[in-house]
Amino acid sequence: MSTRHIKQGKYAKIRKFETPDELPDEYASLLKKMLFVQADTEFASVQQHLEWQENAPTPEDKWVLARIVADEVRHGLTMTRLLKQFGEEGEQMVEKLLARKIGEHTLESFNIEFENWESVCAFTCFVDRVGLYQLEAFQECSYAPLAREMPLMLNEEKLHIGFGYNGLKKIITDDNYPGNKETAQAAVDFWVPRALDMFGHKESKNSKLAVELGIKRWENEEMRQRYYQEIVELCNSLGLVAPPMDKDRHIL
Ligand SMILES: [Fe+2]
Ligand SMILES: [Fe+2]
């Protein structure tokens, strides 16, 4: 089957949808919600990163952070372009998105200001990694315009994640760098539960529907389990410990 055909769910084997007009109502309404949340995370993370542009510890860190900010703005722009294809309602959603400030975003992870450099690194290592899982879930999306954006976005997210991981490593091993193993562990303990929450409710009806409609490849809980296995090993490789999966969680 070519990449132009839907791979799974109730529309399997038919040609992917190319325009909003072709979408069944329940499909269009769920897709708009998902694009909105995705765009919201992109613009929110720009707000969170910006103050660290000045406070990043080295010129290299300033440079990579600037790239990350540029990427996240581009991701937000991509999502707003997709939303605007839905006409008037899409335009209104974009306006609402652009007016949001820290504290007003949909997901908790994006309403928290970074209190130190460890937080910046743990956020990019763990929260951006959730973003990567979400984008991978959209890779075969039955809405072709969204699927086509994934390869570039995925590559960019990989850079963000690598930056976060290397940052944590330097915090732990390099005495000239801010923080130490204890403060890195504290940042991990804070951000991992927030990252696990980002996958959404275990029994989410929308997550089931998104898989059925071929928008996403996997349901929330399947992705969360896979993510957790990955980050347990990742924390071990840094000499840190991932908090238990149910610790300090708000969304179950
Ligand atoms: Fe992003
Ligand atoms: Fe990112």
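Predicted model: local features only at pLDDT ≥ 70, side-chain atom pairs only at ≥ 80, totals over all residues.
Local features need pLDDT of at least 70 and side-chain atom pairs count only at pLDDT 80 or more, while totals for chains, interfaces and linings use all residues. Residues are numbered from 1 along each chain as its sequence is written, chains are lettered from A and ligands numbered from 1 in the order in which they are written, and side-chain values use heavy atoms, with hydrogens and water left out.

Donors here are N, O and S atoms within 2.8 Å of the metal (3.2 Å for Na, K and Ca), and water is not among the atoms, so sites may look incomplete. The iron ion (ligand 1) has Glu42 (OE), Glu72 (OE), His75 (ND1) and Glu157 (OE) as its protein donors, at 2.0 to 2.3 Å. Along the chain, these donors are spaced E-x29-E-x2-H-x81-E. Glutamate 42 sits in helix H1 and glutamate 157 in helix H5, 115 residues apart, so this pair links distant parts of the chain. Helices (H or I, at least four residues) and strands (E, at least two) are DSSP runs, numbered from the N terminus. The arrangement around the iron ion (ligand 1) comes out as irregular because its four donor atoms subtend angles of 84 to 162°. For comparison, four donors count as tetrahedral if all angles lie between 85 and 135 degrees; four count as square planar and six as octahedral if opposite donors are over 155 degrees apart and all others between 65 and 115, and anything else is irregular.

Glutamate 72 is buried, at 2% relative accessible area, and both glutamate 157 and glutamate 42 are buried at 3%. Buried means under 20% relative accessible area, exposed over 50%, and partly exposed in between (1.4 Å probe, protein chains only).

Salt bridges come next, and the structure holds 13 of them. The term covers a side-chain nitrogen of Lys or Arg within 4 Å of a carboxyl oxygen of Asp or Glu. In one of them, glutamate 156 pairs with arginine 74, with the closest N and O atoms 2.9 Å apart. Glutamate 156 lies in helix H5 (residues 144-173) and arginine 74 in helix H2 (residues 59-84), so the bridge ties together parts that are 82 residues apart in sequence. Glutamate 156 is buried at 13%, whereas arginine 74 is partly exposed at 25%. Another bridge joins glutamate 26 to lysine 10 at 3.3 Å. Here glutamate 26 belongs to helix H1 (residues 25-55) and lysine 10 to the segment before H1, 16 residues apart. Glutamate 26 is partly exposed at 36%, as is lysine 10 at 47%.

Aspartate 197 and arginine 194 also meet in a salt bridge, at 3.0 Å from N to O. Both lie in helix H6 (residues 181-197), three residues apart, or about one turn of the helix. Aspartate 197 is buried at 5% and arginine 194 at 3%. These two belong to a network of salt bridges that also takes in Glu108, Asp248 and Arg249.

Then there is the nonpolar interior. In soluble globular proteins, nonpolar side chains tend to be buried together. A nonpolar core is a set of buried Ala, Val, Leu, Ile, Met, Phe, Trp, Tyr and Cys residues joined through side-chain atoms within 4.5 Å. The largest one has 45 residues, and Trp117, Phe126, Leu168 and Tyr227 have the most contacts inside it. At least two residues each come from H1, H2, helix H4 (117-138), H5, H6 and helix H8 (220-237), with H4 giving the most, 11 residues. Tyrosine 227 touches Phe126, Arg129, Val130, Tyr133, Ala195, Leu196 and Phe199 (heavy atoms within 4.5 Å), leaving aside residues up to four places away in sequence. A second, separate core has 34 residues, including Leu82, Phe138, Cys141 and Ala210.

Finally, the search for disulfides (cysteine sulfur pairs within 2.5 Å) finds zero in the whole structure. Cysteine 121 has its closest cysteine sulfur in cysteine 125, 8.8 Å away and too far for a bond. For cysteine 235 the nearest cysteine sulfur is likewise that of cysteine 125, at 7.3 Å.
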